[in-house]
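Visitor: Could you walk me through how to read a feature in a model like this one?
Guide: Gladly, let's look together.

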Amino acid sequence: MGESQFLMRPRPLEGESLSSWRQRSGWANGYNFFPTIDERTRRVDPDIGANSEDLIWLSDAHQLTLEEVKALSLAGYIGRLVKNVDGVKHPRFWLRARLRSRVNSYGPMFCPHCLGEDEDPYFRLAWRFAFVTECGKHQVELLDQCPSCMSPGWPTAVGETQDISKKFISHRYCWKCGFDLSKSTTSESRNGVGAVLSNGIDTGELKLGALAYPILDVLQAIRGVCHIFIRDRERKAIISANSKWSEIARGLNLRKVNPIAIDYASVHERNLLVPVAYDIVKDWPDSYREFANQNNLSAMNLGVNGALQPEWMNALIANEFRKVQKTTETCVVIAFCNEWLARTGNWPTRKDVRDKFGPKAPDKGIATVFKARLVATEAESNLFYERLHQQLSIAMSNKKDGQTRLLDYATLLLANLRQKSLSEIANETVCIKPELQHALSMVDVAPKCEKASLEVIDLLESRTRPQDREQINRPISHRQLQRRTTMLMKGMDVLLAREPMVFSN
Ligand SMILES: [Zn+2]
Ligand SMILES: [Zn+2]
């Protein structure tokens with residue numbers, strides 16, 4: 001695509017995002033969809049600005065300087081909002097384009113009233129910042145989905161070019177269904193926190209309490225607090241503390257998206273959470289202390305996001321909140337368990353105990369109550385070997401994907417014979433075959449597996465083609481071994497440790 005194909009060169013508008021501007025340029029030159037160097041670059045999120053080849057091509061084609069083009073993307077905010085944009089790691093506080101997922105299709109946001117009033121409707125770059133949740137001009141909560149089809153209003157990097165609505169001739173209309181986005185219903189919002197933080201980004205710092213901090217630190221501190229609310233365990237602690245934050249924690253409907261980070265949550269959840277998080281750090285350190293104390297949060301809770309939090313935040317947490325959490329007495333836990341047994345006929349599970357005692361569940365008490373049995377009964381051992389034998393036979397008769405199964409079950413047998421834990425055996429990255437052969441030569445320890453074991457050796461010999469070696473030499477997945485063990489132990493006493501070695505006698 002050459003420079004000559006852009007006859008019309010609309011200038012970027014105030015605060016416009018790169019993707020919005022290039023789409024408008026595309027329309028001005030008769031394209032339905034913004035042109036790219038090639039289709040590969042279309043799938044990349046252009047608003048990050050990590051692809052310099054792309055930026056140079058755009059600046060050439062539109063007769064703008066590279067800096068002017070960069071300023072439309074996140075790359076123009078290095079040092080103020082992100083440390084860098086390497087195109088590999090997802091930038092913090094950056095909303096995803098969310099194209100692959102149909103269910104959680106929260107995407108870049110928009111203000112319906114801005115789109116309605118714009119002479120030439122356009123998307124703002126700030127509508128991709130996860131800490132921005134409202135339109136300061138119209139004092140409404142931004143939207144992050146087309147209310148008609150639930151797609152992101154303007155996804156910025158549409159991997160698909162087929163499924164575009166014919167009505168998509170301006171950013172006022174949903175690219176997917178053509179809905180007039182300016183007709184969307186909005187709800188009032190005027191906490192002003194997004195604006196405060198945006199100001200900080202302009203000046204590079206923000207005052208928290210008596211001192212000014214680099215804005216990157218401030219954003220990370222806010223993020224850290226948001227993540228305390230996002231984590232199940234900490235949120236439950238806040239809810240049960242009955243503090244002034246409990247209501248907010250209770251009101252967060254995170255189930256639907258189950259976010260692992262604040263920028264996965266919907267704009268509505270973020271608009272509840274970000275202002276609260278800002279409030280908690282605003283009068284640093286007093287406001288933070290109050291929050292931690294009133295919710296009985298310890299260093300363990302506050303440090304869930306420690307690696308990402310600013311050093312001054314971690315220092316305060318370590319100095320003031322590394323306290324031993326008061327836990328419930330072990331005898332109280334035992335009494336609870338006995339009462340449960342009498343009532344239901346079963347010993348409670350660990351989860352039942354944790355549910356009952358909440359964050360104060362005493363790890364020591366639980367360990368006492370749930371002291372695992374390390375030796376199986378003869379009947380349990382027989383059942384285990386029988387099932388293992390069965391699985392080995394199935395694996396051997398299955399030509400197609402028997403290899404992995406066979407190795408897994410043979411490894412379980414090995415763990416059993418060698419008295420090794422699953423994690424030990426999984427960590428052994430050495431070629432498992434000679435080990436296995438050796439172990440299987442002692443099969444009389446496990447008579448039920450004798451026949452299968454000899455077959456295993458034969459099969460490994462015959463199947464060890466060069467292309468299989470890599471597979472055989474690969475470390476074995478610990479999780480997979482755990483899953484298989486759990487399956488073999490189905491129906492057995494829950495207190496029996498989930499390790500094959502408990503069956504050797
Ligand atoms: Zn607006
Ligand atoms: Zn739509």
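**Reading the metal site**

Guide: Let's start with His138, which is buried, at a relative accessible area of 19%; buried means under 20%, exposed over 50% and partly exposed in between, using a 1.4 Å probe and protein chains only. This is a predicted model, where local features need pLDDT of at least 70, side-chain atom pairs count only at pLDDT 80 or more, and totals for chains, interfaces and linings use all residues. Residues are numbered from 1 along each chain as its sequence is written, chains are lettered from A and ligands numbered from 1 in the order written, and side-chain values use heavy atoms, leaving out hydrogens and water.

Visitor: Which residues coordinate the zinc ion (ligand 1)?

Guide: Donors are N, O and S atoms within 2.8 Å of the metal (3.2 Å for Na, K and Ca); water is not among the atoms, so sites may look incomplete. Here Cys111 (SG), Cys114 (SG), Cys135 (SG) and His138 (ND1) coordinate the zinc ion (ligand 1) at 2.0 to 2.3 Å. Along the chain, these donors are spaced as C-x2-C-x20-C-x2-H.

Visitor: Why does the pair Cys111 and His138 tie together separate parts?

Guide: Cys111 sits in the loop between helix H4 (66–70) and helix H5 (112–117), and His138 in the loop between strand S1 (134–135) and strand S2 (140–141), so the pair links parts 27 residues apart in sequence. Helices (H or I, at least four residues) and strands (E, at least two) are DSSP runs numbered from the N terminus.

Visitor: Is Cys111 buried or exposed?

Guide: Cys111 is buried, at 0% relative accessibility.

Visitor: How many helices and strands does the protein chain have?

Guide: The protein chain has 23 helices and four strands, and 49% of its 505 residues count as buried.
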